[in-house]
Amino acid sequence: MSQDVISYVTQEVYGVWFLIGAALVFWMQAGFAMVEAGFARAKNAGNIIMKNLMDFCIGTVMFILIGFGLFLGEDAFFGLIGIPNLSIFSDYSSFDWSNFIFNLVFCATTATIVSGAMAERTKFLSYCIYSAVISGIIYPIEAHWTWGGGWLSQMGFHDFAGSNCIHMVGGICALIGAAMLGPRIGKFVKDKDGKVAKVNAFPGHNIPLGALGVFILWLGWYGFNGAAATSLDQLSSIFVTTTIAPAVATVVCMIFTWIRYGKPDVSMCLNASLAGLVAITAPCDVVDAFGAIIIGAVSGILVVFGVWFLDHKLYVDDPVGAVAVHMVNGIWGTLAVGLFATDTTPMYALADGDGNPMLGLFYGGGLKLLGVQLLGMCATAAYTAVTIYITFSIIKKVVGLRATAEEEITGLDQMEHGLPSAYADFEIQNSYGAEYLEGMTDIDLGDLELASEESAVEVKVAPNVDEVTMEKGSPKMTKIEILCRERNLERLKNALISLGITGMTVSHVMGCGAQKGQPEYYRGVELEPTLLPKIRIDVVVCAVPVRKVIEVAKKTLYTGHIGDGKIFIYNVENVIKIRTGEEGFDALQDVE
């Protein structure tokens with residue numbers, strides 16, 4: 001077989017892989033949707049799905065009309081932009097379809113990142129507008145600098161798959177957007193002086209859904225990082241580094257949160273997997289296994305620090321950790337090229353304008369490559385910050401960024417889309433912070449006037465539950481109310497039946513409580529008591545000894561863990577059977 005044939009076949013194979021990689025990156029839209037929906041509250045799940053759908057659809061329209069030309073059009077203005085064109089319509093027969101679809105799916109990813117940080121309180125119309133601006137203008141121009149033959153690529157700046165051009169840019173847009181939008185109602189509690197006194201946690205409503213999203217994203221990342229590979233050795237090396245970095249980041253995050261908060265944080269570890277993937281995206285083709293390990297380990301710490309810093313120092317509400325994952329680790333991944341790049345990797349091609357190889361600082365290359373990376377990162381960050389701030393300011397002035405308090409409390413599913421619930425036939429549990437409306441944070445319970453002792457109701461000590469008193473010739477009747485976990489209902493019901501109690505009322509209720517000295521944390525924030533589903537069993541007894549019922553219930557429900565339940569005892573004045581008119585002792589004889 002001639003060399004020309006081998007070269008042709010190789011080119012065709014990698015052309016097909018290039019498009020498969022694009023399909024994998026498109027599939028990442030599903031991953032982003034699942035992560036964001038799972039980390040948010042159920043009342044906004046439909047809104048988040050709709051936004052992730054429109055990211056890609058609006059982005060496609062904008063990329064066709066203007067984005068593709070600004071990105072990959074003929075270089076102009078000293079490498080600052082490409083010249084917009086409509087060659088997809090005017091010259092379709094010779095149009096570069098592969099490059100168009102590949103860069104389109106990357107473009108949509110940038111806009112999707114912003115969705116998570118601004119979730120649960122953004123107007124849908126406003127979201128559509130800024131998503132269009134990011135896809136049509138902001139991303140294509142800065143991406144041209146690196147991937148379209150612009151001024152950064154001419155300096156030797158390296159961002160193989162987008163730590164800088166996609167993730168940092170999306171993260172900066174997310175940070176500025178979330179800051180301008182303001183926190184969700186109840187996220188931060190202020191004192192009388194207007195300072196934040198407490199940070200409330202809003203746990204995601206479906207962590208398994210979020211985990212599914214992370215696994216989808218991890219799979220898609222092999223296409224995200226590997227699609228541009230041009231040899232089997234290079235592709236294999238990229239797959240290795242793309243696996244090592246997130247795995248190490250997750251392990252480090254698990255250990256760190258275990259030590260810091262007493263238990264390994266599930267949602268934070270999911271964020272850490274994504275953080276490791278973001279950080280390895282720029283240097284995935286130029287670092288070895290050792291470099292990937294260090295990059296991943298640092299990412300696992302940075303993501304926890306980033307979430308904490310936003311919550312407790314900047315007071316910016318980011319429901320899904322998008323800023324910590326994408327901006328913070330996008331910056332880290334971009335700079336990591338200048339620290340760990342090594343020419344031992346396949347197809348190594350980092351060189352300055354004179355063709356001289358450039359290596360990372362820790363591999364004997366000095367500060368030159370690190371300086372180029374730092375310059376490129378700062379230039380991209382400055383451009384992004386200015387343009388997105390202008391965009392959000394105009395939107396805020398013209399149509400408004402934020403949903404109303406009523407819309408936010410009710411849920412954007414219902415108020416923005418007319419969707420009563422994204423989970424038909426499921427009971428939705430809404431969670432709020434310490435207060436529901438802005439302005440309520442000024443309430444100080446210490447100012448409430450206490451009742452005087454003279455006006456207090458006298459407390460009478462009830463007789464022992466085993467005593468049977470006779471009032472007007474009738475035996476004493478007692479109501480026993482038992483609260484327990486749902487899973488123990490059948491066991492308790494059978495135990496009560498064995499005592500001869502066949503009449504009982506069973507209700508589904510919601511309860512909350514917190515064990516003193518045993519705080520729980522969600523993403524580093526101490527959790528408020530949360531409403532949880534419980535079962536309440538009510539029985540009224542007369543002939544069956546109350547103490548016997550108590551002992552049977554305790555024996556049946558006891559596990560020794562928090563949440564076993566409680567038993568309440570009440571005196572009953574009378575019981576009337578509607579069907580027969582029987583009262584008191586007689587009315588209970590067919591149920592005990």
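Visitor: Which word applies to Gly82, buried or exposed?
Guide: This is a predicted model, in which local features need pLDDT of at least 70 and side-chain atom pairs count only at pLDDT 80 or more, while totals for chains, interfaces and linings use all residues. Residues are numbered from 1 along each chain as its sequence is written, and side-chain values use heavy atoms, with hydrogens and water left out. The classes rest on relative accessible area (buried under 20%, exposed over 50%, partly exposed in between; 1.4 Å probe, protein chains only). Gly82 has 0% relative accessibility, so the class is buried.

Visitor: Which residues does Gly82 touch, not counting those up to four places away in sequence?
Guide: Gly82 lies in strand β2, residues 81–82; helices (H or I, at least four residues) and strands (E, at least two) are DSSP runs, numbered from the N terminus. Contact means heavy atoms within 4.5 Å. With residues up to four places away set aside, the partners of Gly82 are Gly69, Leu70, Gly73, Glu74 and His144.

Visitor: How many Å separate Gly82 and Phe68, C-alpha to C-alpha?
Guide: In sequence, Gly82 and Phe68 are 14 residues apart. In space, their C-alpha atoms are separated by 8.6 Å.

Visitor: Over which residues does pLDDT stay under 50, with 30 contacts beyond four places in sequence?
Guide: pLDDT is the predictor's confidence in each residue, from 0 to 100, and the protein chain averages 87, with 89% of the residues at 70 or above. Where pLDDT is low, the predicted coordinates should not be read in detail. The stretch with those 30 contacts and a pLDDT under 50 is residues 431–451.

Visitor: How many contacts beyond near neighbours in sequence does the stretch 464–471 have?
Guide: Over residues 464–471 too, the pLDDT is below 50. Beyond near neighbours in sequence, the count of contacts for this stretch in the model is 12.

Visitor: How many of the 16 residues of α10 are buried?
Guide: Helix α10 covers residues 266–281. The expected span of a helix is 1.5 Å times one less than its number of residues, so α10 should span 22 Å, and its end C-alpha atoms, 23 Å apart, agree with that. This helix is largely enclosed by the rest of the structure, because the number of its residues that are buried is 15.

Visitor: Which residues is Ser299 in contact with, leaving aside neighbours within four places in sequence?
Guide: Ser299 is in helix α11. With a relative accessible area of 0%, Ser299 is buried. Its contacts beyond those neighbours are Ala249, Ala275, Gly276, Ala279, Asn329 and Trp332.

Visitor: What is the relative accessible area of Thr391?
Guide: Thr391 sits in helix α13, residues 368–398. Leaving aside neighbours within four places in sequence, Thr391 is in contact with Tyr130, Val133 and Ile138. Thr391 is buried, because its relative accessible area is 10%.

Visitor: What is the phi of Tyr315?
Guide: Most residues other than glycine have a negative phi. Tyr315 lies in the loop between α11 (289–314) and α12 (322–340), and it is partly exposed at 35% relative accessibility. Its phi is positive, near 55°.

Visitor: Where is Met347 placed?
Guide: Met347 also has a positive phi, near 60°. With a relative accessible area of 47%, Met347 is partly exposed. Its place is in the loop between α12 and α13.
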